[in-house]
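Dear colleague,

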Amino acid sequence: MLFSDLPLHPILRKKVEMRGIRGLYPPQEEAVKKGLFNGKNILMVTNTASGKTLLAEILAINTVMSGRGKVVYLSPLKALADEKFRDFGQYSELNLKTILTVGNYDSAEPRIEWYDIVCTTYEKMDSIVRHRPSWLNEVALIIIDEIHYLDDEKRGPVLESLIANLKLIMPSAQFFALSATVGNANEIASWLEAELVESSWRPVPLKEGVFLNGKIIYSDGETRRIKTKFSSPVLDLVYDTVEDGGQAIVFVNSRRRAVSLAKTVGERLNLRPNSESDELSEKLRHSSEVTSLNEELAALVRSGVSFHHAGLTVEQRREIERGFRGGAIKIIVATPTLAAGVNLPARRVIIESSERYVAGEGSEPIKILEYKQFAGRAGRPGYDEYGEAILIAKTKSDAEDLFATYINGQPEKIRSKMGTPYKFRTHLLSFIVTFDGSNDEGISRYISKLLLSKQLRKKEIAELVSESIKMLTEGNFILASGNAYIPTELGRYVSELYIDPLTALYAIKALKKGKAITEFSVMHLI
Ligand SMILES: Nc1ncnc2c1ncn2[C@@H]1O[C@H](COP(=O)(O)OP(=O)(O)O)[C@@H](O)[C@H]1O
Ligand SMILES: [Mg+2]
């Protein structure tokens, strides 16, 4: 199937052809056959670089150009929403009005009325929805990128509750949800009332392996001994890649580590610089207002190495990515943000550690889905015969564990993270604020739209509801009026500030003991 076979607006069709994109990748074709361009909800769970984002872009533009309505593009991070906004800029001659909105969680964003495509984060959209602006009625398509964030303790409940609210407010809008890693894709598709496109197809084959004692052991049984010049697994692997004419991305777990390891790689490998590296280095020397960071980057890039994390400006990241694609940069040491966002393939992906330090918890293994996201970056279409993802083991049993857990493991099932009283009451309050005057029936409808309703027993959900209503009423966050629940001013305020009502209650009690002040002024203090 060709893109020219799709029911695209003629100008868009021409634009796609001009980008040199002709045939659809197999998973893209499957999504089209399942009704993507006929308004069907689709959940697409396919590997990194299998063309999800491109398809979403084309669908978004076509939706606007064919006059169906507005598009909301939801990303998990501000940096990614920003990137998406810039991507739509490539289609500027089509006269689309695209807006980026990420900050300030207290506005209905009425100016969006005048725009066609809204690029935003889950949190910002959630806060917009609470104000119920009238432009919501014009939304025809909602794209949810990286939907596996549903499983995230912190971000997941916001996304889940947002989806439930969107489904209630705009029952006829189309949903297109994307992810490379969902263990229970069938269940998530059924929750989203979507057709499922699930495929293991990838544009470049992937070889996965573990590095132990100077040797890469691949999952197909093959091995490769490499020079252990530096007696450091990462440095040896990186050196081997570059010597072989390839490029590598090393994933590490913190910004600080990304900078320090990039420096070590730069100093120890001592790669011969090329003139493009020098040029890029000069450009980066004046790339932001933070002089020390500019100098750090410039010095590193001169030796063909860079770090990449969300602390850099969008422009800096774009330059680094461009430099990597063009060959001025051979090695990038990156935080996990890179795995979720831009399309930046490398011949070899190295995962420095399968453990991460979590404040207060100590070391924790990374999720399988995170590993799969990293591995998905391996292999440059058109350049590499195959890509490689390498984990590093210290001992033989360590190597066996890594094979069993990550390489042969399936990504985790996505579990609703709304089933605790704390998360539940917070989002129930936000529902009541959004649908002022909702009653028990309304609450039941809301719950039926949550993933929680598929994963938790009815009896337990009923307990969560009654406990939460009791707590919210006693705390004066909501009032029961007839059979409706009305948010109080305090309730609205707490909800807009994203505070747990119980925390707010403690703060109010503590402060009231001191002085006679109103609840509202207390909330101003928080
Ligand atoms: N059908 C296609 N033909 C050629 N290139 C494609 C096609 N679909 C996507 N691409 C390109 O492949 C790369 C990865 O696509 P992308 O949409 O970012 O994948 P994903 O979102 O699944 O990771 C991008 O550079 C994109 O432009
Ligand atoms: Mg993508």
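The notes below begin with the protein chain as a whole and then turn to the ligand and its surroundings.

Please keep in mind while reading that this is a predicted model. The secondary structure of the protein chain amounts to 22 helices and 20 strands. Its radius of gyration is 25 Å, close to the 24 Å that the globule rule gives for 526 residues, so the chain is as compact as a globular protein of that length.

As for the ligand, the pocket in which ligand 1 sits is the largest one. There are 16 residues around ligand 1, and those that come nearest are Gly-23, Ala-49, Lys-52, Thr-53 and Leu-54.

Several polar contacts can be followed atom by atom. In one of them, a polar side-chain atom of Lys-52 is found 2.8 Å from an oxygen atom of ligand 1, while at Ser-50 a backbone N or O atom lies 3.2 Å from an oxygen atom of the ligand. On the side of Tyr-25, an N or O atom of the side chain is 3.3 Å from a nitrogen atom of ligand 1. Taken alone, ligand 1 exposes 560 Å², and 78% of that is buried by the protein.

With best wishes

Definitions and conventions: Residues are numbered from 1 along each chain as its sequence is written. Chains are lettered from A and ligands numbered from 1 in the order in which they are written. This is a predicted model: local features need pLDDT of at least 70, side-chain atom pairs count only at pLDDT 80 or more; totals for chains, interfaces and linings use all residues. Side-chain values use heavy atoms; hydrogens and water are left out. A residue is near a molecule or strand if one of its heavy atoms lies within 4 Å of it. A polar contact is a pair of N or O atoms within 3.5 Å; within protein, one must be able to donate a hydrogen and the other to accept it, and residues adjacent in sequence count only if both atoms are side-chain atoms. Accessible areas come from the Shrake-Rupley method with a 1.4 Å probe; for residues, only the protein chains shown count as cover. On a 1 Å grid over the protein atoms alone, a cavity is a set of points where a 1.4 Å probe fits but cannot get out, and a pocket is an open set with protein on both sides within 12 Å along at least five of seven lines; lining residues have an atom within 4 Å of a point. A molecule sits in a cavity or pocket if more than half of its atoms lie within 2 Å of its grid points. Helices (H or I, at least four residues) and strands (E, at least two) are DSSP runs, numbered from the N terminus. The radius of gyration is taken over C-alpha atoms; the globule rule is 2.2 Å times the number of residues to the power 0.38.
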